[in-house]
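Hi,

Here is the structure I said I'd pass along. Have a look at it first, then read on for what I found.

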Amino acid sequence: MDEMENKIDETWLIRYIRNKLTTPEREQVETWINSSEENQKTVRDLFYFSVANSTVSCIKKTSPEKALKKVSKRIRKNAKAKFFLYCQRVAAILFLPLLMFTGYQVIESYQTEEPHFYLEARMTPGMIGSLVLPDGTKVWLNSSTYLKYPNSFEGDLREITVDGEAYFQVAHDETKPFLVHTPHSSIRVLGTEFNVDAYSNKEFVITTLVEGAVEFSFPDINNRRQTLRMEPNEQIYYDKQKQQAYKQETYVAKDIAWIHGEIVLKDTPLSEVLWIMEKRFNVEFKIKNASHFNYSFTGIFTNQHIERVLEYFKRSSHIQYRIDHHHEEDGGTVRTLVELY
């Protein structure tokens, strides 16, 4: 290594960031870093790019080439941002037609091992998307769903957080259980397929098991933690207000049809149908006649517009509807209200 104050082999800095240097080499690099503020800034900037590149690598499986170029452009644009020597939060944001990803991390010191940070994914309302987690688990995200997960699963658990609806094909690992945290509940598995509907603004959490086995944990009326074990084709409905959970058999095809952009109904009550449609079409329903809730529906809708589904309601049950689009001054639709009467 060149020991001149303002010169250093950049490969040494990269190895330093990744904690790959020997003790003598690390001491030389730290001497160089502490010799000037400019050297400290160089290391901070290089560290930022290293983290951002790791973020892009995690995103790459679900992003098109053009979107990756946008990420790189953002990274270069923000290269002059302020950094802290011992603690920093790094973000690389990727906007896609369906998904928005954010990566961030908290650094305690430059002597840490491989950087550990978290990624976030948010679905656009009315859209669905999918991604692959670091362990190979595949996840589908429904409308307005939020997912947070680490760039690598360390320790004894694979823990993630979901607010919304997600379908999981969990990679099997007997040594490291997979734990999904949702508002007011959690789901523990080893390797399985299941669906969870857990929006924080709703008064319920619904978990449907497709195959394998899961343990659903929740607080009861006395705030004591309870656990129910599920078998395939079973569903647990957890009422947040009553703090009670109910287990029942379910028609799985109906519960997971959304991952294919479909609506599948089988003697499905209108209240449940409307919730499915709210997520599928990003609309809000207003019921003018409460007797409509006595209806149930059966049918399959593949990539249909909302008008086609509503026409089916009209023909089969004489439910009338009116669609009201609210617009901003620039003409962009911000909300769609559907009245049933």
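Start with α6, which gives the most to the lining of the largest pocket, with 8 residues. Bear in mind as you go that this is a predicted model.

The pocket itself holds about 600 Å³ of space. Besides α6 (270-281), the elements that give two or more residues to its lining are the strands β10 (193-198), β11 (204-211), β14 (234-239), β15 (244-249) and β16 (262-269), plus the helix α5 (252-256). The lining comes to 34 residues, and the ones nearest the pocket's centre are Asp-197, Ile-206, Glu-272, Trp-275 and Ile-276. By type, the lining splits into 13 nonpolar, 13 charged and 8 polar residues.

Back to α6 for a moment. The helix has 12 residues and spans 16 Å from its first C-alpha to its last, close to the 16 Å expected at 1.5 Å a residue. Its buried residues are Leu-270, Val-273, Leu-274, Trp-275, Ile-276, Met-277, Lys-279 and Phe-281. Just past the end of α6, Asn-282 has a positive phi of about 55 degrees.

As for the protein overall, there are 7 helices and 20 strands. It has 341 residues, 45% of them buried. The accessible surface is about 18,400 Å², with 47% of that belonging to carbon and sulfur atoms. Of the contacts between residues at least 6 apart in sequence, 46% join residues at least 24 apart.

Cheers

Key:
Residues are numbered from 1 along each chain as its sequence is written. This is a predicted model: local features need pLDDT of at least 70, side-chain atom pairs count only at pLDDT 80 or more; totals for chains, interfaces and linings use all residues. Side-chain values use heavy atoms; hydrogens and water are left out. On a 1 Å grid over the protein atoms alone, a cavity is a set of points where a 1.4 Å probe fits but cannot get out, and a pocket is an open set with protein on both sides within 12 Å along at least five of seven lines; lining residues have an atom within 4 Å of a point. Grid points are joined across faces, edges and corners, and a volume is the space filled by probe spheres set on the points. Helices (H or I, at least four residues) and strands (E, at least two) are DSSP runs, numbered from the N terminus. Ala, Val, Leu, Ile, Met, Phe, Trp, Tyr, Cys and Pro count as nonpolar, Asp, Glu, Lys and Arg as charged, and the others, Gly among them, as polar. Buried means under 20% relative accessible area, exposed over 50%, partly exposed in between (1.4 Å probe, protein chains only). Contact means heavy atoms within 4.5 Å. Accessible areas come from the Shrake-Rupley method with a 1.4 Å probe; for residues, only the protein chains shown count as cover. The expected span of a helix is 1.5 Å times one less than its number of residues.
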